[in-house]
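Subject: Structure handover

Hello,

Here is the structure I said I would pass on. Please open it first, then read the notes below it.

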Amino acid sequence: MIQFEHVCKSYGKTPILKDLNFTIQDGQFVVLIGPSGCGKTTTLKTINRLIDIDSGVISIDGKDIQSQDKVELRRHIGYVIQQIGLFPNMTVAQNICVVPKLLKYDKVRCGEIVREMLKLVGMEQYADKYPSELSGGQQQRIGVLRALAASPPIVLMDEPFSALDPMTRETLQDEVKNIQQKLNKTVIFVSHDMSEALKLADTIIFMSGGEIVQIASPEEMLEHPANDLVRNFLGKHASDAPAPSTVEHFMRTNLVTVKKDRGVMECAERMARSSVDSLLVTDEEGRYAGTISIGDIRRWGRELNSIEPMVRQTARTVRVGDDARESFDYLLDSGANYVVVLNEDDTIAGIVTKTSVARSVAENLWGDAK
């Protein structure tokens, strides 16, 4: 448990943190959010004493962190930043094991940690690669794993995904949330993006001018924003905001696609790695061609070299700009898993899934009228 009691911090005569008081329970995912200069990153950095406070008490499990050695404290708190700073002369495995080696873990245990960590994000084959051989998203994954490698109970994350493209960012958000829940870590996450906060947080701490404006669950903040500043940050998410009504507002864009000339075993492997039972298939120009399922691969796969003969065009398709209600009604009534959303040029924009919205959300948006 992390407790802030009357915490203050100033730079010269400028107050940065003003009498902060809050508690973070073990295993919670807490997002600090607010306008630029509100003090959220400073608050985060006081937890691992990258910034020391002027007055007040920050305690972890009842122990004042000011009484602890800084280096020892940080070895038990994971830390992930936007510019992840992997060591370029070290392999992925060596980067992951930086802290375990400082903690005198033996070679066998370090090897186990590398395998366990890489398995969490499906990157087992990257252990011997160097950072320069990885994409930005892959480097950020390794940064997260490095922060988790010594199994710290607390992980601090300072806008770790803000420099990434939207699709990679959404995928990493899902992965981090899944890892946090699986490993039961306490995560304190700084963000300037309310969509990200609503997606990830168990509790949101909204700050402005070095003070706490509101501490609430996403649901509570949506229903009862504390003031106009919070309401403006919530924007389209707020309960009194105009409801979006077209499919692109609800679709997922982190998709698993494959070209129709690819091999059967390759596609089966991609399904296994991505934990899906079907893939969206495109032609050589990237236009939607249909879907392929694991059932079809199991039934016919041994007889074929490519998936093209098995591609089906049975999934319902809609266009960007189409009314979302029709897709929701179809998903809820038909039992289908998704609707494919296409751009004007027939490329895939995303999919709307059964889990995109629950029936209750659809009813709240449109009522029961048919």
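Which residues line the largest cavity? They are Val144, Leu148, Val155, Met157, Val176, Ile179, Gln180, Lys185 and Val187. On a 1 Å grid over the protein atoms alone, a cavity is a set of points where a 1.4 Å probe fits but cannot get out, and lining residues have an atom within 4 Å of a point.

Two notes on the source. This is a predicted model, in which local features need pLDDT of at least 70 and side-chain atom pairs count only at pLDDT 80 or more, while totals for chains, interfaces and linings use all residues. Residues are numbered from 1 along each chain as its sequence is written, and side-chain values use heavy atoms, with hydrogens and water left out.

Cavities

By this rule there are two cavities of 30 Å³ or more. H7 gives the most to its lining, with three residues; H6, strand E7 (154-158) and H7 each supply at least two. Helices (H or I, at least four residues) and strands (E, at least two) are DSSP runs, numbered from the N terminus.

The second largest cavity holds about 40 Å³ of space. Val121, Arg141, Val144, Leu145, Leu172, Glu175, Val176 and Ile179 line the second largest cavity. H7 again gives the most to this lining, with four residues.

Helices H6 and H7

The axes of H6 and helix H7 (residues 166-183) come within 11 Å and cross at roughly 20°; axes are lines fitted to C-alpha atoms, for helices over the stretch in contact, and angles run from 0 to 180 degrees between N-to-C directions. That crossing angle is why H6 counts as roughly parallel to H7 (angles under 35 degrees). Gly137, Gln140, Arg141, Val144 and Leu148 in H6 meet residues of H7, including Thr168, Leu172 and Ile179, where contact means heavy atoms within 4.5 Å.

Second largest pocket

A pocket is an open set of points with protein on both sides within 12 Å along at least five of seven lines. The second largest pocket has a volume of about 500 Å³. Of its 21 lining residues, Arg74, Ile77, Gly78, Tyr79 and Val99 lie nearest its centre. E6 supplies the largest share of the lining, five residues.

Regards

Terms used. Grid points are joined across faces, edges and corners, and a volume is the space filled by probe spheres set on the points. Angles under 35 degrees count as roughly parallel, over 145 as roughly antiparallel, 65 to 115 as roughly perpendicular and the rest as oblique.
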